[in-house]
Amino acid sequence: MDLVARVAATGLLPAGGPLVVLVSGGRDSTCLLDLAVTLAGPGAVSALHVDYGLRGPASAADAEHCAALCARLGVGLRTERVRRPEGAAGNLHAWAREARYAAGARAAAQAGGPLATGHTATDQVETILYRLATSPGRRALLGMEARTGDLVRPLLAADVTRAETADWCRRRGLAWREDASNADPAFARSRVRETLLPALEAVDGRAVGSVLRTARLLREEAAVLDEVVEGALAGRDRLGVDELAALGPALGRLVVRRLAEDATGRSCPRAASRLADVLALGDGALDLGDGARAVVGDGVLRLERTPPLPPRRC
Ligand SMILES: Nc1ncnc2c1ncn2[C@@H]1O[C@H](COP(=O)(O)OP(=O)(O)OP(=O)(O)O)[C@@H](O)[C@H]1O
């Protein structure tokens with residue numbers, strides 16, 4: 001099947017739109033934008049580029065490149081300039097990602113359609129390998145979802161690789177911009193891309209396919225595990241510590257995590273790793289991290305949300 005048919009088969013780029021495509025100017029989002037126009041029609045597609053101004057003249061050149069690309073494809077482009085507040089703490093990539101998705105969500109809500117990113121199957125494998133190295137736990141191996149609410153990743157859903165997006169752009173005569181930081185070994189993600197993945201492929205040329213298949217199987221099996229956890233809780237939001245201990249370590253971990261996530265409304269990866277502490281708590285309270293607190297009273301465990309700390313007085 002050719003690329004258009006494979007992406008069409010995902011159902012994530014419906015004909016007639018509306019649809020907003022996040023374009024960086026790189027090969028993946030350039031390929032996606034072209035496919036979206038082919039499948040949905042130019043009038044149905046709009047593009048959003050976020051200019052963080054982090055790379056000096058290269059940032060301005062990215063924005064100009066996106067404007068030329070969209071003009072050529074007949075797509076309306078909105079460019080949002082965002083600037084990181086001076087002295088802001090925290091991870092630069094995480095800040096950029098948050099800014100990008102926030103701008104994307106606004107644009108998609110305005111357009112009344114989904115927001116599409118150019119993530120490929122290669123990005124999926126790199127994400128999984130990165131999380132394998134940095135975030136212990138089964139969920140790290142599930143990778144990104146092809147659809148999360150209004151966010152869609154059509155290339156990932158169709159198992160399109162980065163080599164294929166480059167090939168598509170070349171065949172269609174579409175130029176793209178290279179981000180030099182992608183190869184900068186100062187970034188962990190670059191080391192995964194430049195060193196780890198090629199090493200795995202040297203072990204076995206089918207490595208990318210194996211990782212993708214493993215993630216797909218684990219995602220299917222995750223639904224079964226969710227049902228097992230629901231069965232153990234039987235609709236309750238608390239359970240006896242003795243009962244929790246009797247579930248054994250694997251199911252016990254999943255139950256504590258579920259209780260924490262139900263109580264906080266957010267992901268609580270650290271809760272699972274605190275099962276032994278919860279079992280040893282006796283009557284009392286224990287912060288589990290990620291905004292969750294375990295409270296045991298009369299031998300019954302419940303989870304609650306940690307109240308935010310009051311503002312510090314100088
Ligand atoms: N400056 C940008 N403006 C608009 N869209 C962008 C920009 N940078 C990246 N994107 C979108 O995000 C997709 C993924 O980009 P990239 O792989 O560089 O980011 P990432 O940090 O790995 O992504 P994520 O954090 O979303 O997993 C691109 O294919 C594109 O759709």
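This is a predicted model: local features need pLDDT of at least 70, side-chain atom pairs count only at pLDDT 80 or more; totals for chains, interfaces and linings use all residues.
Residues are numbered from 1 along each chain as its sequence is written.

**What the record says**
- UniProt, in an unreviewed entry, lists residues 20-194 as "domain: tRNA(Ile)-lysidine/2-thiocytidine synthase N-terminal".
- The unreviewed entry also lists Ser-24, Gly-25, Gly-26, Arg-27, Asp-28 and Ser-29 under "binding site"; such annotations may be inferred rather than shown by experiment.

**Around the ligand**
- The ligand is surrounded by 15 residues, the closest being Leu-22, Ser-24, Val-50, Thr-117 and Gly-118; a residue is near if its C-beta atom, placed from the backbone, lies within 6 Å of the molecule.
- Helix 2 (27-40), strand 2 (45-51) and helix 4 (92-111) are the elements that each give two or more residues to this shell.
- By class, the shell has four nonpolar, seven polar and four charged residues. Here Ala, Val, Leu, Ile, Met, Phe, Trp, Tyr, Cys and Pro count as nonpolar, Asp, Glu, Lys and Arg as charged, and the others, Gly among them, as polar.

- Asp-28 lies in helix 2 and is buried because 26 other C-beta atoms lie within 10 Å; the cut-offs are 20 or more for buried, 12 or fewer for exposed, and partly exposed in between, with C-beta atoms placed from the backbone.
- Beyond its neighbours within four places in sequence, Asp-28 is in contact (C-beta atoms within 7 Å) with Gly-118, Thr-120, Leu-155, Arg-162 and Thr-165.
- Ser-29 lies in helix 2 and counts as buried, with 26 C-beta neighbours inside 10 Å.
- With the sequence neighbours within four places again left aside, the contacts of Ser-29 are Val-21, Leu-22, Val-23, Ser-24 and Gly-118.

**Nonpolar cores**
- The largest nonpolar core has 44 residues, of which Leu-13, Val-21, Leu-33 and Ala-36 touch the most other members; a core is a set of buried Ala, Val, Leu, Ile, Met, Phe, Trp, Tyr and Cys residues joined through C-beta atoms within 7 Å.
- Helix 2 supplies the largest share of this core, eight residues.
- A second, separate core of 18 residues includes Val-256, Ala-263, Ala-272 and Ala-292.

Note on methods. Helices (H or I, at least four residues) and strands (E, at least two) are DSSP runs, numbered from the N terminus. Two residues are in contact if their C-beta atoms, placed from the backbone, lie within 7 Å.
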